[in-house]
Amino acid sequence: MSSESVKDDCLAWAARDPSGVLSPYKFSRRALGKDDVSLKITHCGVCYADVIWSKNKHGDSRYPLVPGHEIAGIVKEVGSSVSNFKVGDHVGVGTYVDSCRECEHCNDKEEVSCEKGSVFTFNGIDADGSITKGGYSSYIVVHERYCFRIPDGYPLASAAPLLCAGITVYNPMMRHKMNQPGKSLGVIGLGGLGHMAVKFGKAFGLKVTVLSTSASKKEEALSVLGADNFVITSDQAQMKALYKSLDFIIDTASGDYPFDPYLSLLKTAGVFVLVGFPSEVKFSAVNIGMKTVSGSITGGTKVTQEMLDFCAANKIYPGIEVIPIQYVNEALERMIKNDVKYRFVIDIENSLK
């Protein structure tokens with residue numbers, strides 16, 4: 001079933017300049033190819049990446065820019081060679097929509113590490129040479145390889161944040177074998193990524209300690225998210241009590257701060273995973289104690305599908321605040337101030353008209 005693009009039939013909200021202010025916009029998606037899925041977007045999560053590129057923080061934004069890479073929706077059309085999806089299926093799209101499909105990483109279904117660079121869901125260069133536009137829009141056309149099946153019964157609004165926030169912490173947790181019941185995990189930061197690290201940690205049977213600068217988050221961390229311990233990182237006595245007690249630490253914060261106090265909390269051969277983006281990373285030699293410091297971004301198609309299935313099977317849902325798209329500029333400003341529990345999700349289906 002091939003179809004021709006209808007001129008400017010995709011409704012969206014876009015940034016026009018580095019002010020980052022979003023407003024209504026119309027454009028045309030590329031024509032449906034034989035391997036493509038056309039997805040009616042019902043929900044899109046709001047990620048800090050949306051702020052970064054809307055405001056041209058990296059100096060490479062291409063305007064008009066339609067953000068959004070935590071996409072959930074319903075298949076409305078499939079190409080003639082599509083075998084994994086059919087019309088009506090619930091499907092997600094994450095942070096990338098293409099890759100070379102030939103390199104070692106693509107062959108291992110780790111497309112996010114494609115040697116030629118994966119094509120980002122927005123502000124990237126699509127197969128037809130056009131600029132990719134993200135999920136703050138009414139529909140999207142994506143090669144079936146980069147679509148994920150959302151398990152039956154799992155809410156689409158809840159699925160959306162898993163496609164970036166969820167997989168960003170789940171992937172390194174699996175890679176570093178953090179799914180070992182009885183081990184101990186420290187989570188730095190309790191935002192969109194951090195709260196998912198806590199939820200996954202508890203589902204894996206870990207003893208979870210939240211490491212935070214904000215005492216106001218203690219009750220939420222312990223009573224709502226189920227963390228076992230909460231430590232104020234500015235309290236030296238509390239930090240000293242944790243010395244060499246953690247098997248793993250996931251750092252979801254992006255601020256600039258000394259890393260040595262956190263590395264001192266790791267046991268011998270402990271693992272520190274950085275998923276936030278500080279401007280620089282400085283720490284003392286980790287030779288003594290055989291510690292591992294690792295970076296990570298999102299994840300390949302195989303582990304992303306595994307995560308979605310794991311969340312459905314274990315009834316793991318991100319904390320979300322559902323908003324209409326007309327509120328998105330306020331939401332972005334609130335997110336900059338960490339004023340959200342824990343992820344904004346845009347109700348595209350009911351508000352983008």
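1. Which residue is the bridge partner of Leu 246 in β14? The model under review is predicted, and in it the partner of Leu 246 is Leu 266. Strand β14 covers residues 266–274 and runs parallel to β13, to which 5 bridges join it.

2. Strand β13 also pairs with strand β10 (residues 184–188), again in the parallel sense, over 4 bridges. Within this pairing, Gly 186 stands opposite Ile 249. As for burial, 6 of the 6 residues of β13 (residues 246–251) are buried, so the rest of the structure largely encloses this strand.

3. Helix α5 deserves attention next. Of its 12 residues, 9 are buried, and the helix is therefore largely enclosed by the rest of the structure. The buried set consists of Gly 192, Leu 193, Gly 194, His 195, Met 196, Ala 197, Val 198, Phe 200 and Gly 201. These residues pack against the helices α4 and α9 and against the strands β10, β11 (207–212), β13 and β17 (343–347).

4. The geometry of α5 agrees with expectation, because its 12 residues should span 16 Å at 1.5 Å a residue and its end C-alpha atoms lie 17 Å apart. Just after the helix, Gly 205 takes a positive phi of about 85 degrees.

5. Helix α9 (residues 301–313) has 13 residues, and the distance from its first C-alpha to its last is 18 Å, close to the 18 Å expected at 1.5 Å a residue. Lys 315 follows this helix and has a positive phi, near 50 degrees.

6. Which residues of α9 are buried? They are Thr 301, Val 303, Thr 304, Gln 305, Met 307, Leu 308, Phe 310 and Cys 311. The elements that cover them include the strands β6 (96–98) and β9 (147–149), together with the helices α4 (165–175) and α5 (192–203).

7. The second largest pocket has a volume of about 250 Å³. Two or more residues of its lining come from each of α4 and α9. The lining comprises 14 residues, and those nearest the pocket centre are Glu 110, Asn 171, Arg 175, Thr 298 and Val 303. Val 303 is also one of the buried residues of α9.

8. The pairing of strand β1 (residues 10–15) with strand β2 (residues 22–27) is antiparallel and extends over 6 bridges. Ala 12 stands opposite Tyr 25 in β2. The two strands form a hairpin with 6 residues between them, and Gly 20 in the turn has a positive phi of about 80 degrees.

9. Leaving aside neighbours within four places in sequence, Asp 8 is in contact with Lys 26, Phe 27 and Ser 28. By contrast, Asp 8 and His 176 are 45 Å apart in space, C-alpha to C-alpha, and 168 residues apart in sequence.

Definitions and conventions
Residues numbered from 1 in each chain as written. Predicted model: local features only at pLDDT ≥ 70, side-chain atom pairs only at ≥ 80, totals over all residues. Heavy atoms only, no water. Buried < 20%, exposed > 50% of the residue type's maximum accessible area, 1.4 Å probe, protein only. Pairing = 2+ DSSP bridges. Expected span 1.5 Å × (residues − 1). Contact = heavy atoms within 4.5 Å. 1 Å grid on protein atoms, 1.4 Å probe; cavity = no way out; pocket = protein on both sides within 12 Å on 5 of 7 lines; lining within 4 Å. Points joined across faces, edges and corners; volume = space filled by probe spheres on them.
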